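Visitor: I have a structure open and would like a guided tour. Where do we start?

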Amino acid sequence: MTALDLVVRARRVVSAAGEVARAVGVRDGRIVAIAPYDADLDSVDELVLTDDEVLMPGLVDSHVHVNDPGRTEWEGFTSATRAAAAGGVTTIIDMPLNSIPPTCDVPALELKRKTAASQAYVDTGFWGGAIPGNLAQLRPLHEAGVFGFKCFLLHSGVDEFPPLAPDELEPVMREIAAFDGLLIVHAEDAHGIDSAPAPHGASYRDFLHSRPREAENKAVADVIDLARQTGCRVHILHVSSSDVLPLLAKARRDGVRITAETCPHYLTFSAEEIPDGATQYKCCPPIREAANRDQLWNGLRDQTIDLVVSDHSPSTADLKRLDTGDFGEAWGGIASLQLDLPAVWTEAHRRGHTLTDVARWMCQAPAAQTGLRHKGSLEVGYDADFCVFAPDETFVVDVNTLHHKNAITPYDGRPLDGLVRSTWLRGEPVDITAGPRGRLLSPDREAP
């Protein structure tokens, strides 16, 4: 038999059954063998992990704003995918907005692919956008290989990606249901936000009051009702209000095809600890109170929340208004792509979770949600995408060591547990100092 290209031996391999000692064999970029640790496997190369290292699947981050083309001073495919690789992420799915043009028709998707093709250090796919006036573009985008369609129910923050009004959402969902696509929703109710006090000044409490949880709760309830009526598959983005958890759980019991995500910043920070003027913490929906954070962790524990992804949404320093600390004027978005695994692990293991749980939230579930049938797990037939992680090593975040383009993040100076020591894409280590070799992805819509 032809020798394997690579064998990875680890005392701790994260699998669905927990952490086990295994030898993982790779040929032509795919996992072709999983054997006992000491198995006699003939290979060209061998990697033996140290006892303090864990072999995990490469992370799949299905919520990344790369902003390229059009706003590359905010981020770009080179910087974003280098940051991803440094953080153990081997696959990203790029959001349709904040780039110019947004990915709302096939020519925009083709431009996005052309832009990413020569820059991507990790595998990269693309969401499409659902905005007023592009109903006829949804099916062609689906057929061209987007992973689904993002919409807003209130102003997105950029004028070229307007929200869907209530009377526009139902026809979009019916159209997407007709080809069994996926709608992903920024769920905050426009009227609820407009009725709240406008954000201004340096007070984080005032900013929090400007994005009340009631607006998120109503929007999620409305999306559930329409999903029930139309049969459309829907996904709720960046859940921040724990009030929506019972709504999601009931909807699933009723047969509504709905999934939900949250983000590391909602699981890490709390409103009580955010200083006034610290606009690096501003995101929408906002970081809420510690008690709310505890309930989000409970939602992960009982699987009401399916996955954890970054919502990496960077901007330039001037847009964050660090000079004035004005939450009303600052751009809302948190940059964290390189830090998500240690950030989640730091809090997860303190709450009694395992790396198997973390891999389910950050590897397997995002791959399943996006239709990537060969990503997110260490199983025979899957891509040999690996994250070599030292869970017991601690470090203090230094923003100047991060690879995303603008050196702003609320994690700066924060101690975290767990260090990514290497990232492997299809059986080869990712070298962010060398040329990129990530591939452009489309979902696998064939039966497994």
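**Cavities, sheet and helices**

Guide: Start inside this predicted model. The largest cavity is lined by Gln 280, Ser 313, Pro 314, Ser 315, Lys 320, Trp 331, Gly 333, Ile 334, Ala 335, Asn 406 and Ile 408.

Visitor: How do the residues of that lining divide into nonpolar, polar and charged?

Guide: Take the lining by class. The division is five nonpolar, five polar and one charged.

Visitor: What volume does the largest cavity have?

Guide: The structure holds two cavities of 30 Å³ or more. For the largest cavity, the volume is about 60 Å³.

Visitor: Which element gives the largest share of the lining of the second largest cavity?

Guide: This lining is made of Leu 59, Val 60, Asp 61, Val 89, Val 308, Val 309, Ser 310, Asp 340 and Met 362. By class, six are nonpolar, one is polar and two are charged. Strand β6 covers residues 59-64. The largest share, three residues, comes from β6.

Visitor: Which strands are the edge strands of the sheet?

Guide: The sheet is open, with three strands in the order β6-β7-β8 and parallel pairing. An edge strand here pairs on one side only. That gives β6 (59-64) and β8 (123-126).

Visitor: In β7, what is the bridge partner of Val 64?

Guide: β6 and β7 run parallel, and four bridges join them. Strand β7 spans residues 89-94. The partner of Val 64 in β7 is Asp 94.

Visitor: Which helix packs on the sheet, touching β6 and β7?

Guide: Look for residues 355-370. The helix there makes an angle of about 60 degrees with the direction of β6. Its name is α13.

Visitor: Why do α7 and α8 count as roughly parallel to each other?

Guide: Two packed helices are described by the angle and the distance between their axes. The axes of α7 (residues 213-230) and α8 (residues 245-253) come within 10 Å. Angles under 35 degrees count as roughly parallel. α7 and α8 therefore qualify, as their axes cross at roughly 10 degrees.

Visitor: Which residues of α8 make the contact with α7?

Guide: On the α7 side, the contact uses Asn 217, Val 220, Ala 221, Ile 224 and Arg 228. By class, the whole contact has six nonpolar, one polar and one charged residues. From α8 come Leu 247, Leu 248 and Ala 251.

Notes
Residues numbered from 1 in each chain as written. Predicted model: local features only at pLDDT ≥ 70, side-chain atom pairs only at ≥ 80, totals over all residues. Heavy atoms only, no water. Pairing = 2+ DSSP bridges. Helix = DSSP H or I, 4+ residues; strand = E, 2+ residues; numbered from the N terminus. Contact = heavy atoms within 4.5 Å. Axes fitted to C-alpha atoms, helices over the stretch in contact; angles between N-to-C directions. Parallel < 35°, antiparallel > 145°, perpendicular 65-115°, else oblique. Nonpolar A, V, L, I, M, F, W, Y, C, P; charged D, E, K, R; others polar. 1 Å grid on protein atoms, 1.4 Å probe; cavity = no way out; pocket = protein on both sides within 12 Å on 5 of 7 lines; lining within 4 Å. Points joined across faces, edges and corners; volume = space filled by probe spheres on them.
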